[in-house]
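Thanks for coming, everyone. I'd like to walk you through one structure today, so please have a look at it before I start talking.

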Amino acid sequence: MTNKAKGPSGGIMKARFVSRFALASVIASATFSAACHNTAQEPTTPGIGESTAARVQAAQPTTISPPTMPTAVSPPAMAQGSVAMPSQAEIQRMLEAARTKYESVTEGKNADYIPALAKVDSKLFGIAVVLANGEVVETGDTNAPFAIESISKVFALSRLIEDKGAADVEKAIGVNATGQPFNSVLAVELNQMNKEHPAGNPLVNAGAITTVALVPARSGAERWDRIKKTMDAFAGRQLSVDEEVYKSETATNTHNRGIAYLLQSYEVIKGDPSEALDIYTRECSVSVTARDLAMMGATLANGGTNPVTHQRIVSPDTASHVLAMMMTGGLYETTGTWVYRVGVPAKSGVGGGILAVVPGKYAIAAFSPPLDKAGNSVRAQRAIESIVQDTSGSLFAARPMGGSPTATKPASGTTPRKPATQAP
Ligand code: DON
């Protein structure tokens, strides 16, 4: 693991390291999740529902005890899946092998439609795994900050499902893959024409801007606050907005502006489209590290409870619906290829991060800025594919009852599968 990271300008900077076990951070995150949880049913109009006193009480951190440090013991045999998790040392070796193998890959290119992202050092490469019990294994530039971008959609969606329920979100946004690029206007139009929901699903831009607009709050400021605090609680620490990315994206997001107003014209966004767009742009500009992302994913892997702060951020039901959405649309038009090769829910962002989750077991996040044509990090995809295979993490992997307990490496885009036996 490196303690130095190259900053966006290419110069060496001191790695930003924030101890997530610091009591202040714990109290803060406990407050965030309590506040998020307790405002879950908050109405959009003032004066109805939970009283101010109750909200203030919910924000008191006094009853929160500090989380236990993750220990070095091997994780308990996980209930789900038929293959036991490898030890921490084995996972460490897998991560290092993947980093060594893929760090020389030169395919792909930084996102440049958001100018601030074009400047990020393309060589940065970090991989972090957080097990569902909170243990962290990492290699490379896992403390280098980067913009979360579209991966934020996962956490805004978590907020909305927790608040409104899965059925309402399905009705209000749609949950089917568009098969189109993340910012497709054509997808909005085709859905409208076919009497499907124009927003598509919460992980494309149209659906994500709609998600923001639907988060219950009495003002735009409160809506942003609730989304941000949800992200913080998933991460177990207070995240910050990268103001340079936010300004850069705000100055150039005319295409998203078009989508927001198109959605207003179809009466999907009923409030102010520019407010929803601004909050969406802010959530995309939140700065995370690969380690943060893996912790956020581990919260989903752990049924919605952060495995280090032990705070319940969302219900297991919400977490499972969010993971389902990641499975069907997390990498946009190349999600089918991803699921075929890797077999786990994931979400990418044009900042270069990808988060993948093996429910009940672990989350893995990789960061490397150069992207493929669909906007997914090239090295991150390869590293995650390799580690999920090494840990037999595919959700579709099953072994015959009573068969040999030896795990075989599943087929991938690059590794041909050997037939086990001759067909009868
Ligand atoms: O809306 C946008 O274009 C960016 N804020 C996010 C796009 C994104 O990350 C797509 N994911 N791979």
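Let's start with N256, which touches N183, N205, I209, L277 and Y280, leaving aside residues up to four places away in sequence. Contact here is heavy atoms within 4.5 Å. Before I go on: this is a predicted model, where local features need pLDDT of at least 70, side-chain atom pairs count only at pLDDT 80 or more, and totals for chains, interfaces and linings use all residues. Residues are numbered from 1 along each chain as its sequence is written, and side-chain values use heavy atoms, with hydrogens and water left out.

Back to N256. You'll find N256 in helix α11; helices are DSSP runs of H or I with at least four residues, strands are runs of E with at least two, and both are numbered from the N terminus. Is N256 buried or exposed? N256 is buried, at 9% relative accessibility, where buried means under 20% relative accessible area, exposed over 50%, and partly exposed in between, with a 1.4 Å probe and protein chains only. The N256 side chain also makes a polar contact of 2.9 Å with the side chain of N205. By polar contact I mean a pair of N or O atoms within 3.5 Å; within protein, one must be able to donate a hydrogen and the other to accept it, and residues adjacent in sequence count only if both atoms are side-chain atoms.

Now, the ligand. An N or O atom in the N256 side chain is 2.8 Å from an oxygen atom of the ligand. A polar side-chain atom of E149 sits 2.7 Å from a ligand nitrogen atom, and a polar backbone atom of G375 is 3.0 Å from a nitrogen atom of the ligand. How much of the ligand does the protein bury? Taken alone, the ligand exposes 340 Å², and the protein buries 99% of that; these areas come from the Shrake-Rupley method with a 1.4 Å probe, and for residues only the protein chains shown count as cover.

There are 14 residues around the ligand, and Y113, E149, S150, E249 and Y280 come nearest. Near means that a heavy atom of the residue lies within 4 Å. That shell has six nonpolar, six polar and two charged residues.

E149 is in the loop between β5 and α5, and E149 is buried at 2% relative accessibility. E149 has a positive phi of about 50 degrees, although it is not a glycine. S150 is also found in the loop between β5 (146-147) and α5, and S150 is buried, at 7%. The side chains of S150 and K153 are joined by a polar contact of 2.8 Å. Not counting residues up to four places away in sequence, S150 touches N205, Y280, Y332, K347, S348 and G349.

Which brings us to α8, residues 205-214. Why is α8 largely enclosed by the rest of the structure? Because eight of its ten residues are buried, among them N205 and I209. What covers those buried residues includes α5, α6, α7, α9, α11 and α12.

One last item, from the database. The unreviewed UniProt entry lists S150, N205, E249, N256, Y280, Y332 and V350 under "binding site".

Key
Ala, Val, Leu, Ile, Met, Phe, Trp, Tyr, Cys and Pro count as nonpolar, Asp, Glu, Lys and Arg as charged, and the others, Gly among them, as polar. UniProt positions are given in the numbering used here, feature names are shortened, and annotations may be inferred rather than shown by experiment.
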